[in-house]
Each structure stands twice: as structure tokens, then as C-alpha cells.
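Dear colleague,

I am passing on the structure we spoke about, and below it you will find my notes on what came out of the analysis. Please read them with the structure open beside you.

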Amino acid sequence: MMDFLFELFVKESPVQTVVMLSAICALGLALGNVKVMGVSLGVAFVFFIGILAGHWGLQIDASCLAYAETFGLVLFVYMLGLSVGPNFFGSLKHEGMSFNLWSMAVIVLGTLMAVVLVPLTGVCLPDMVGLLCGATTNTPALGAAQQALQHVGVDAGTLALGTAVTYPLGVVGVIVALALLRRFVAKPRDLKEPEREDADQTYIGEFEIVNPAIDGKTVCNFARATHEHFIISRIWRGEEVITPLADTVLHKGDKLLVITTKNEHNALEMLFGREMAHNWNEGKIDWNHIDGQMMSRSVVLTRRMLNGKRMGQLQLRSTYGINVSRVLRGDMKLLATDNLRLQYGDRIVMVGSPKALDNAERFIGNAVQTLNEPNMGSIFLGLILGLVVGVIPLQLPGMAIPVRLGIAGGPIVMGIIVGALGPKAHFISYTTRSASLILRKLGLSLYLACLGLDAGKDFFQTLVRPEGLMWIGVGLLLTLLPVLVVGTVMLRMHKFDYGSVCGILCGSMANPMALGYANDTTDGDTPSVSYASVYPLAMFVRVIIAQVLIMLSCC
């Protein structure tokens, strides 16, 4: 029996690797749900179980450890980028720009602190760069700094040692800072998930044509003569219910059920003449029985050849005699304009006769069962492309050594690109929400288990060394102070909710472990959205800063 347990937990083998990592993840995830003073660490607890396992001498094969750690991190950041990609570029036009400015504030404050602490502590600048990389949990920056030192012929051993000392507490420090901000700074309203401004972009209104200028015009001519965006779903003409087609003639006194945007419905009221008092935007409405003659149906786009097509290219109105009022994409409700680019998995809301709806449904697909399976082929292809992007050397002006995005930066950038631009290239990147969450948590758990297991063997010995204690103190300052200062200012200004602040701070510190804590302790996905908005630029800037500081130290 003991020999059997020895082979499972101690003797290095592929089976022992699976058993060890599974045990660390299972125990860490279980204990991560335990709340102490109302706070739980969530998936981040896996890291600490890994440290204890490494300290007790439990190890796995080095090549297996490196593989599992790399695969876990790559899988996590790619799926994170893929999930936020569809809204990423749109967010940069709005709150995303301010997200990145606050992220830069964290980076600048931490860098200035590191430079000031060099003469105050007596730590040389290269070692301080190592401490900064560990305090901000930024291994790509460490790799860039090491390459810079090798280029000038300087040993980079102490640089990596400084990172190893401060990295574990860098993880803990951000989590502690987030917990302190939640307990002592955040107000109850900051903890509520904000309503997304773009969650429902549509407005449904009932208008009566009073304007004589519209009388006698066809729907097509009328739509071309105005700049407003709208879809006419139904026309009520006395007792008659009409499906509006392009050549349908409008008459004075017609009542129209119109889907438009929230910003344009006032203009349409002036255009048509009068808006009816009936509220079509609140409560549950049985759209199939509002007039007894026309039906509404939601159909899922599962025909692969239609992925990336614009709504106008489908010609559903002229071919099948139906109208498309809205497109549901995740939590968003989009106006079905001709220029709207469709994505695999979109739910298309159609209005028409039952027979016409049946014909259009067959054309669009509506094979709902196919959506229950994630498109694994595209995920693996995305991982490959992300790693390729990560190793591409980027030559910057004034820099003798090219920089790279690395295994963390490349996949998240590729995930964002595929999520945002995949449909335009007819690349099917659809993944169910449940599958995305599982893959993200699996990747992060593996990464944390390996990271803790590797750091645990030297962690406690380093704590008792004199220089180690000073390095730990410096690392904690570099971790805690920028996060607490910037986080406090952001929450006091009441411009962002607590979840968004957590994502910004985690992204600026390149800390996916703290992001796991933030996701487990807040409602919604605002931490992930803001994290992905700032992480690519923050990581890139930190890589540049690390190399610039190294070059300054060698001047």
C-alpha cells in the first residue's frame, strides 16, 4: 500500500504529475471558498497550497512542471482575451481609454518608487528591477531585463533571485490591497454591478403617421430619405396587420411598431408625428399574440457560411417576406440594420407569418444543439497564433534589444483580435459561456499550482535571510502602495465601480491570480472586462520600462 502511494505522490512520472497538480488544485479551490472576516481568496488559494507542497519537498518532473505552467497561463489569458474581445475596441472609445490612463498611473507610481528606493536602501538598480518584476508579477518584464543584462555582458543571477523573493508576496499583496479597498474604502454602491450602457441598444415604440410628407411613400424611399436608424416591425392599418416590405406604401393614420435606438426615438416621434402612449420596453410581452396575425421568433445563426455576413446581404425581407427587428448577442440587444455584421451564435428576432418564419429559420440554421459544444479547433489554433505573436521581436527606436510580448502577452492579444475581428474574417470563435469559464479557471488553477510548487522549495529559506527580509519589505511597498493609492483615488471619485477598479489594478500589476480573487468576490464580469482592457498595454509598457532601467544602470 505504501509503495502504491509512493508511486502516486513522490516518484516522478506523468501519473504523479497529474495526481499532484490535481490534488493541489482540488484542495486550493476547496479552501479558497472559506471566508475569513467576509473575505475568501478563491482560486488564488491554489497558489498557497502549491507553496506548502513545495516546502514539504513534494516535486514533479521539471519538464512536466514547465509544460503545465506554460499551458495553464496561455490557456487562461487566451480565453480571457477571447471572452472580452467582442467589446474590447468599442470600450476603448468610451471607458477603456480612462481605464488605461489609470493603469499608467499605477505603473508610473511604482516605477518612480523603485528608482527612489535605490539610494535609500542601497539596492543596486538591476536588483531593484528584479524586485519590481516580482512585486508586479511580471515575468515577461523579467525576461526582457535578463536579455538586456546579457547583451551588456552582466550576470543576471541576482535579478532573477530578487524576482523569486518578491513574486509570491506580489501575488498576495495585490489581493490584500483589494480586500482593504473593499473593506475600508468602497461604498455599498461601488460594490453593485453597473448596468451596461450597451446591454440594450434598442428602443421599441409605437408611432402614428401624422406627417403628410410621409403619406404615399414606400418604406424603402422613406428610409433612404432620413438619417435615423430604425426597423418597422409591423404596420396596423385599421383591422389589417401588414408585414412591411421595401415596396410597402405608407399612409397617413398608419400605426407602426418601430425598433430604433434609444438616442433616436425622439427624432422619430417628430418625423412620424406622434408616439403612442403604450410602453413596449417594460415587462414581458407575448409578441405572438399582440395582434393575432403575425408571429415573432428568435432563431440562432448556426449556418457557418453566414458567419461574418452583413444583415443586408441575407435579403431576408425580400426573399422570405419577414422582418428582422433585433439581434441578441450575449447580453446585448442590437438594432438589425443592414450594416450589422452577424456572428455565429447570434439570436435573430424575426417577425412574419408562420410559414415565412419556418423558411427563414431553415436558411439561418437554428441548430441550437451545436452551440452546446465549444469550437475546440479554433481555440487550439488561437493558442498557436498567440504564441507566435508572443515571440515576434519588436524593435523600438533607441532600443538595442528588441522586446517581445511573451507567453502571457501574445495569447491575450490574439484572443482579443480573434474575439473582435474573427467574424470579419469568417473565423468561427464562438464558445459557450460555461465552456469559457471552465477553460479559464482550469488554466489559471494549473498555472497557480505550478507556480506555487516551484517557489515553495526556497520560499521560507529566503524569508529568514537578512537581505531577503529587506527585499521582501521593498517588494511589499512596490506592490501595496501604488495599488492602494490609485485604487483609493478611483473609488473616492466614484467614477468606477469596485469590480472595474479591481480589474484595472490587477491588469496594471499583470496579476491574473488577483483577478481570480476579484472575479470570485464580485458580481458580473466587470473585473475581467477592465483587466483585458488594460493588460496588453500595461504589460508592454512594463517590458519597456524594465529594459530602459537596465540600460540606465549600465551607462
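Of the contacts in the protein with a separation of 6 or more, what percentage is accounted for by residues 24 or more positions apart? The share is 80%. Please keep in mind throughout that this is a predicted model.

In outline, the protein has 20 helices and nine strands, and of its 555 residues 50% are buried.

On the interior: in soluble globular proteins, nonpolar side chains tend to be buried together. Here the largest nonpolar core holds 69 residues, and those with the most contacts inside it are Ile-24, Leu-178, Tyr-447, Leu-448 and Leu-505. Helix α8, which runs over residues 157-185, gives this core its largest share, namely nine residues. There is also a second, separate core of 24 residues, among them Met-113, Ala-114, Trp-471 and Ile-472. To return to Leu-505, and setting aside neighbours within four places in sequence, this residue is in contact with Val-106, Leu-178, Leu-181, Val-483, Val-486 and Gly-487.

Helix α17 (residues 466-493) deserves a look from two sides. Thr-479 lies in this helix and counts as buried because its relative accessible area is 0%, where the limit for buried is under 20%. A polar atom of the Thr-479 side chain lies 2.8 Å from the backbone oxygen of Ala-135, and, leaving out residues up to four places away in sequence, Thr-479 touches Ala-135, Gly-170, Gly-173, Val-174 and Met-509. Together with Leu-477, Leu-481, Val-485 and Met-493, Val-489 makes a nonpolar surface patch of about 370 Å². As background to the spacing of those positions, an α-helix has 3.6 residues a turn, so residues three or four places apart point the same way.

Lastly, helix α19 (residues 512-521) is mostly covered, with eight of its ten residues buried; these are Pro-512, Met-513, Ala-514, Leu-515, Gly-516, Tyr-517, Ala-518 and Thr-521. At the start of α19, a side-chain oxygen of Asn-511 comes to within 2.9 Å of the backbone nitrogen of Ala-514.

With best wishes

Note on methods
Residues numbered from 1 in each chain as written. Predicted model: local features only at pLDDT ≥ 70, side-chain atom pairs only at ≥ 80, totals over all residues. Heavy atoms only, no water. Helix = DSSP H or I, 4+ residues; strand = E, 2+ residues; numbered from the N terminus. Buried < 20%, exposed > 50% of the residue type's maximum accessible area, 1.4 Å probe, protein only. Contact = heavy atoms within 4.5 Å. Core = buried A, V, L, I, M, F, W, Y, C linked by side-chain atoms within 4.5 Å. Patch = residues over 30% accessible without salt bridge, like charges linked within 9 Å, V, L, I, M, F, W, Y side chains within 5 Å. Areas by Shrake-Rupley, 256 points an atom, 1.4 Å probe, with all protein chains shown as cover. Salt bridge = Lys/Arg side-chain N within 4 Å of Asp/Glu carboxyl O. Polar contact = N/O pair within 3.5 Å; in protein donor to acceptor, adjacent residues only side chain to side chain.
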